[in-house]
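Dear colleague,

I am handing over the structure below, followed by notes on what was found in it. Please read them alongside the coordinates.

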Amino acid sequence: MPGGELDPQTVSVLKTEGLLFFTLLQLAAIILAGRVGGLAARRLGQSPAVGEIVAGILLGPTLAGLVSPQAFAYVFQSTPPEPLQILAQVGLLLLMFQIGLEFEFSHLLEGRNRTAVIRVAVAGLVAPFALGLAFGYATAPILSPEADRLASGLFIATAFSITALPILGRIMIELGVQRTALGVIAISAAAINDVVGWLVLALVTTLTLARFDAPGFGLQVLLLALYLLGAWWLVRPLLRRIVARAAPNASHLPPGLLGMVLAAVFLSGMATIELGIFGIFGGFLMGVLLHREQGLVEAWRARVEPFVLVFFLPIFFTYTGLRTDIGGLDGLAAWGWCALILLLATLGKLGSTYVAARWSGLGHYEASSLGIMMNTRALMELVVLNVGYDLGVISQPVFTMLVIMALVTTVITGPALRAWLPRAGVPVAPRGH
């Protein structure tokens, strides 16, 4: 080339190789940090997800960016963030499919303690939602001045009211209490809580994206309802026939069936995006449609779930961590707001659950244990927060405060239950069981 200049094709190849290099570097750092964090959390009696969340936060500006800004910038800021963002979103889509697949809706039909389940579920939704809405609406001009007040309030309300069913389920299994009466109440109430919570999040997202345009919002709701009905009555029977013909099990997942399932998840995500809500709801819907296909559930757990948990889940946690700058909460005022958020979120969820459980005839220690369980937020909270942050209805400081709230309420769950459940007459499994 004249003057030693590279032709455009060579420049494009070199740019792609550079992007690949830094993406692979980021993925290597994320996966290793996630595994170390998960193992450390397990040794401390915590869920591995807690360690992965902490590892993701530490890889971000909170620690890595503070201790070694040059190294942090080299690894995570040498290239545009889009590759990591896309991988995080694909992973989240698969994770939401997995969560829908794991939902045990039979808990909602449990006759024993049904009154307690309904009361706890309703109280655990209404009270924190009301507190979050009031707090978010009142403080938006101060904490998120560029956001719409009502939209900000609605997202904080949704964040306050959510319960992390997958993480709670893992913690309960580790404690060996998932089949006790108290465990059934907690799982059932959390399942109702999450189903309604996702519907509320979808509604709030649609309302926000519609910019409060009543005709547009009404059309979106109508199209979404038609899609849900079509998925349930048309897509579900077709998928079930395909799954039955493939006959998957824990040791056998036909490649053709896996390809079909992945395509269905991605197409469903595309459909919900086109309907004006986030693609994660499409993934969750596909999981719900197939949750009764036990062979597929077992095959997914054995053949796909480990890869999703080891590869994609830490990417999402780190993606959240890179947005979280705890050091950015400078001054007593910011930490005061953070403490108030933690107090209100805990009071709304744990307090309302306790009152509802006592009203249903449960004792003090049983009601307290149930409140601790329902106050677990973790993964589900982070999903809500990322949606709100992407839409611009919560500011970066508020995002950080809510991430801290989600982490604290999850970290205290395991140790608190180990201390409290025996007092309620519910034995727990020893550590490492």
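Leaving aside its neighbours within four places in sequence, A429 is in contact (heavy atoms within 4.5 Å) with E174, L175, G176 and R418. This alanine is found in the segment after α19 (413-420), where helices are DSSP runs of H or I of at least four residues, numbered from the N terminus. A429 counts as buried because its relative accessible area is 11%, the classes being buried under 20%, exposed over 50% and partly exposed in between, with a 1.4 Å probe and protein chains only. Between A429 and A41 there are 388 residues in sequence and, C-alpha to C-alpha, 17 Å in space.

Before going further, please note that this is a predicted model, in which local features need pLDDT of at least 70 and side-chain atom pairs count only at pLDDT 80 or more, while totals for chains, interfaces and linings use all residues. Residues are numbered from 1 along each chain as its sequence is written, and side-chain values use heavy atoms, with hydrogens and water left out.

Turning to helix packing, helix α15 (residues 332-359) and helix α18 (residues 396-411) pack at about 50 degrees with their axes 9 Å apart, the axes being lines fitted to C-alpha atoms over the stretch in contact and the angles running from 0 to 180 degrees between N-to-C directions. That angle makes α15 oblique to α18, since under 35 degrees counts as roughly parallel, over 145 as roughly antiparallel, 65 to 115 as roughly perpendicular and the rest as oblique. The contact is made by A334, W335, W337, C338, I341, L342, A345 and T346 of α15, together with M401, L402, I404, M405, V408 and T409 of α18. These residues divide into twelve nonpolar, two polar and no charged, where Ala, Val, Leu, Ile, Met, Phe, Trp, Tyr, Cys and Pro are taken as nonpolar, Asp, Glu, Lys and Arg as charged, and the others, Gly among them, as polar.

Helix α2 (residues 48-59) should span 16 Å for its twelve residues at 1.5 Å a residue, and its end C-alpha atoms are 17 Å apart, which agrees; the expected span is 1.5 Å times one less than the number of residues. Ten of the twelve residues of α2 are buried, among them P48, V50 and L59.

N193, in helix α9 (residues 181-209), is buried with a relative accessible area of 0%, and its contacts beyond four places in sequence include S161, K349 and M374. L222, in helix α10 (residues 214-246), is partly exposed at 48%.

With best regards

Methods
Helices (H or I, at least four residues) and strands (E, at least two) are DSSP runs, numbered from the N terminus.
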